[in-house]
Amino acid sequence: MSRLRMIVVLSLMLVAIARKRRYRTRIRRYGVRPFNKLRKLHGQYETMVKYIKTNDEKEFFSYTRMTPAMFDHLLMLVEPKVRKHPSRKNALCPSFRLCLTLHYLAEGCSMKEISRNYYIGKATAHVIIREICTVLWDVLKDIYIPEPTIERMVEVSKGFYRRWNMPNCLGALDGKHVSIQAPYHSGSEYFSYKKSFSLVLMAACDSYYKFIYVDIAAPGSLHDSYIFRQSNFGRAFLSNEFEDRLPQAKVLPNSNIVLPYFLVADQSLPVA
């Protein structure tokens, strides 16, 4: 009995030690790593980005995928939501954080590369990118992907007829797999038929390839038709909840045939 008791006590001790190690506060070696204190002298934003923004528009476009004028306009929209309180010591300016995020989105470089180029911590780069992406979505979604209205849908259908000779079309719908690292404990949930882990971007575009509807982050193992049926837009479209917001069926040009408005997609989706 004493041996069993000893085994139990030792087991409890090991569990307690493991928990203590798990929740032990990390001891930081530096408040700011000495390398990162050189940001204003050698950081990519200070030494290169500011220069090309003023003197080399083509290179700036390659770096951020937008012109300096577009960048300034975007900065004006997001700055009120990302500017830190003046009392914060060494706070990074909104222009710095926006430029870092746009470069990451443009080239998909690693956090380690971003942190070295911008002379900031890797965790700081991660936080900045997540925060700026959230703000970009909150600020821009109602401007560029507003709720569908009859007037907007009619304009989209006119564009398809003018450019592609396809009347009564409300959008071109398809899914796109975006490769990711498998989330922890996700098993095969995100493993797609492409033999890689991915998220699915389900989107409809107008005749100029501009998004008019998006559904993001469905697991890659799901079929496009299932993702569309489960999305808010798909459920509304297939259940006729949009009936009062869809244009009325219209006679096709140069004929007497009345055709309802529709989405065009490939055979994997339940619309045609």
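**Exercise 1. State how many helices and strands the chain has, and what share of its residues is buried.**

The chain holds 11 helices and six strands, taken as DSSP runs numbered from the N terminus (H or I, at least four residues, for helices; E, at least two, for strands). The model is predicted: local features need pLDDT of at least 70, side-chain atom pairs count only at pLDDT 80 or more, and totals for chains, interfaces and linings use all residues. Residues are numbered from 1 along each chain as its sequence is written, and side-chain values use heavy atoms, with hydrogens and water left out.

Of the 272 residues in the chain, 34% are buried, that is, under 20% relative accessible area with a 1.4 Å probe, protein chains only.

**Exercise 2. Describe how helix H4 packs against helix H6.**

Step 1. Two packed helices are described by the angle between their axes and the distance between the axes.

Step 2. The axes of H4 (residues 57-64) and H6 (residues 94-107) come within 7 Å and cross at roughly 75 degrees. Axes are lines fitted to C-alpha atoms, for helices over the stretch in contact, and angles run from 0 to 180 degrees between N-to-C directions.

Step 3. H4 is therefore roughly perpendicular to H6, a label for angles of 65 to 115 degrees.

Step 4. H4 contributes Ser-62, Tyr-63 and Thr-64 to the contact, and H6 contributes Cys-99, Leu-102, His-103, Ala-106 and Glu-107. Contact means heavy atoms within 4.5 Å.

**Exercise 3. Determine whether Thr-101 is buried or exposed, and list its contacts beyond four places in sequence.**

Step 1. Thr-101 sits in helix H6.

Step 2. Its relative accessible area is 0%, so Thr-101 is buried.

Step 3. Apart from neighbours within four places in sequence, Thr-101 contacts Ile-128, Ile-129, Ile-132 and Cys-133.

Methods: Buried means under 20% relative accessible area, exposed over 50%, partly exposed in between (1.4 Å probe, protein chains only). Angles under 35 degrees count as roughly parallel, over 145 as roughly antiparallel, 65 to 115 as roughly perpendicular and the rest as oblique.
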